[in-house]
Amino acid sequence: MKKVVIIGCGNVGLEYLKKLCMTDINVEISLIDVDEDKLEGEILDLEHSLVYRNCNISIKLGNYSDCDNADIVVITAGVPQSTKDRMSDLEKANLIVVDITNKLRDTSFSGITLVASNPMEVITELIAHYTDYPYNKVIGTGTMLDTARLKSLISKKIKVKPNDINVYVLGEHGNSQFVAWSNANIGLENLNRFLSLDEKEELADETRHMGGVIVKHKGYTSDGVASCLLELTLCVLKDLKKVYPVSNYNTTYDVYLSTPCIIGKNGIEKSINIKLTSEEEEKLEESSEVICEALDKILPKELY
Ligand code: NAD
């Protein structure tokens, strides 16, 4: 029986929970949130939805001791989403992370931590720093969602299955993100042969602003990122060794950044060293500067 603990059960946490309940994994799921009253209702409702499924899943109102022998802790606690820049609520988000990591440190958890909370790369780094967990075991969904959004947009434009479009959004799950077009291809034919420069710029821009557009229409986003969390969960629990662009510790820039990694039972099994053009490398550096600048406000480098 696998064990997953979800910390923060709002829109994203609950969507992830529902998706996890639709898998074939035998899993015990513990839920932690400051709003336990709402959680009681969510658990009862979801339990009833499992009755007619032939699955071995249990859900309970949890506490931090459940992390002791958990395989995965998923952190989706955070500040409610808005159409503002993801960095704008960093100080509030940091207080939540301090609260959670103080409690996590009192447990003997040694599994994989998956993070969806924003501002993504900054929060992933803070969690790794406050807990002192090994870098390979603390992973953020990063630009995995932006990459899915871009693949979906390109697919609609050129009528090719999204998953057959090999392209990555890299850097920051935020405004400084960029597309590594130089490596992008379909069936090994460079994507530059399918899209003009203007089209590529439009697609990258649309991807960058997609989260804000969804929040404007429905108030929050949840499905896309919950699917990324589920996919990463499957990679870890089933040791799938799939490649996704996730928030991971970057040794060149000494900070968490979104780049492609192989994900398996040990978390980040390998960070892929992609060859970028000098212009793309500059953009990656720009992302690292944005993330370092934000981190510096919370955790000045001299205190590291
Ligand atoms: P939400 O407000 O619906 O849920 C947040 C939950 O966290 C609430 O239930 C709240 O009670 C809980 N919480 C707050 N402080 C806590 C604490 N100290 N301990 C335990 N639980 C605590 O927000 P949401 O829409 O679910 O978004 C959650 C986070 O995910 C935000 O940071 C949001 O920006 C982020 N997000 C990320 C992506 C992505 O692609 N990475 C996409 C969507 C949302």
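Reader: Where does the largest pocket lie in this predicted model?

Author: Look at which domains give residues to its lining. Domain 1 (2-140) gives some, and domain 2 (144-303) does too. The largest pocket therefore lies between domain 1 and domain 2.

Reader: How much space lies in the largest pocket, and which residues are closest to its centre?

Author: The space in the largest pocket is about 1100 Å³. Its lining has 50 residues. Closest to the centre are Gly78, Val79, Pro80, Gln81 and Asn118.

Reader: How many residues of that lining of the largest pocket are charged?

Author: Sort the lining by residue type. There are 17 nonpolar residues and 23 polar ones. The charged residues number ten.

Reader: What area is buried between domain 1 and domain 2?

Author: Start with the contacts. In domain 1, 44 residues touch 44 residues of domain 2. Carbon and sulfur atoms give 70% of the area buried between the two domains. That buried area is about 3700 Å².

Reader: How many salt bridges does the rule find across the interface of domain 1 and domain 2?

Author: The rule pairs a side-chain nitrogen of Lys or Arg with a carboxyl oxygen of Asp or Glu within 4 Å. Across the interface of domain 1 and domain 2, the count is two.

Reader: Which elements give two or more residues to the lining of the second largest pocket?

Author: The second largest pocket holds about 530 Å³ of space. Of its 21 lining residues, Thr147, Lys151, Asn163, Val243 and Tyr244 are the closest to its centre. The elements are α5, α7 (223-237) and β12 (242-250).

Terms used
Residues are numbered from 1 along each chain as its sequence is written. This is a predicted model: local features need pLDDT of at least 70, side-chain atom pairs count only at pLDDT 80 or more; totals for chains, interfaces and linings use all residues. Side-chain values use heavy atoms; hydrogens and water are left out. On a 1 Å grid over the protein atoms alone, a cavity is a set of points where a 1.4 Å probe fits but cannot get out, and a pocket is an open set with protein on both sides within 12 Å along at least five of seven lines; lining residues have an atom within 4 Å of a point. Grid points are joined across faces, edges and corners, and a volume is the space filled by probe spheres set on the points. Ala, Val, Leu, Ile, Met, Phe, Trp, Tyr, Cys and Pro count as nonpolar, Asp, Glu, Lys and Arg as charged, and the others, Gly among them, as polar. Domain bounds come from an automatic or database domain assignment. Helices (H or I, at least four residues) and strands (E, at least two) are DSSP runs, numbered from the N terminus. Contact means heavy atoms within 4.5 Å. Buried area is the accessible area (1.4 Å probe) that two parts lose on being put together, summed over both.
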